[in-house]
Amino acid sequence: EQYQRLDRNGDGMVNGKDRVKGKAAADAAAKFEQADADSDGQLTHAEVLAQFPDIDETRFSRIDKDSSTTVSLDEFQQAAAAQERARAKKAKASAEE
């Protein structure tokens, strides 16, 4: 159980990638808490817009995986992780050119 907790990305190995994912999740959690104006554990589109004005209704809907009209911490962290993966992929592609 402790090994699984340390293997944050689930690849069967405990290495630097797990630490990065842990930091990214912690960073996302801090941003989520800051955006959660009413401290109810869910972000409305208005709360998201107040902190992240570039997230329009369409993008918000993609983050809201369960279509509940609010974003949970898990959904927020998943979106942040996906965005980080996209950035890393783009940086790697640029470096290879």
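**Close-up views of a predicted protein chain**

**View 1. Helix α5 meets the largest pocket.** Seven residues of the lining of the largest pocket come from α5, the largest share. This is a predicted model, in which local features need pLDDT of at least 70, side-chain atom pairs count only at pLDDT 80 or more, and totals for chains, interfaces and linings use all residues. Residues are numbered from 1 along each chain as its sequence is written, and side-chain values use heavy atoms, leaving out hydrogens and water. A pocket here is an open set of points on a 1 Å grid over the protein atoms alone, where a 1.4 Å probe fits, with protein on both sides within 12 Å along at least five of seven lines; lining residues have an atom within 4 Å of a point.

**View 2. Who lines the largest pocket?** Its lining has 17 residues, and Arg59, Ala79, Ala80, Gln83 and Arg87 lie nearest the centre. At least two lining residues are supplied by each of α2 (16-35), α4 (57-63) and α5 (73-96). The pocket holds about 490 Å³ of space, a volume filled by probe spheres set on the grid points, which are joined across faces, edges and corners.

**View 3. The chain from end to end.** Let's step back for a moment. The protein chain has five helices and two strands, in the order α-α-β-α-α-β-α along the sequence. Helices (H or I, at least four residues) and strands (E, at least two) are DSSP runs, numbered from the N terminus.

**View 4. The largest nonpolar core.** This core has 11 residues: Ala28, Phe32, Ala35, Leu43, Val48, Phe52, Ile55, Phe60, Ile63, Val71 and Phe76. Helix α2 gives the most to this core, with three residues. A nonpolar core is a set of buried Ala, Val, Leu, Ile, Met, Phe, Trp, Tyr and Cys residues joined through side-chain atoms within 4.5 Å. In soluble globular proteins, nonpolar side chains tend to be buried together.

**View 5. Around Ala28.** Which residues does Ala28 contact, leaving aside its neighbours within four places in sequence? They are Phe76, Gln77 and Ala80, where contact means heavy atoms within 4.5 Å.

**View 6. Ser72 in its strand.** Ser72 sits in strand β2 (residues 71-72). Ser72 counts as buried because its relative accessibility is 19%; buried means under 20% relative accessible area, exposed over 50%, and partly exposed in between (1.4 Å probe, protein chains only). Not counting residues up to four places away in sequence, Ser72 touches Phe32, Gly41 and Gln42.
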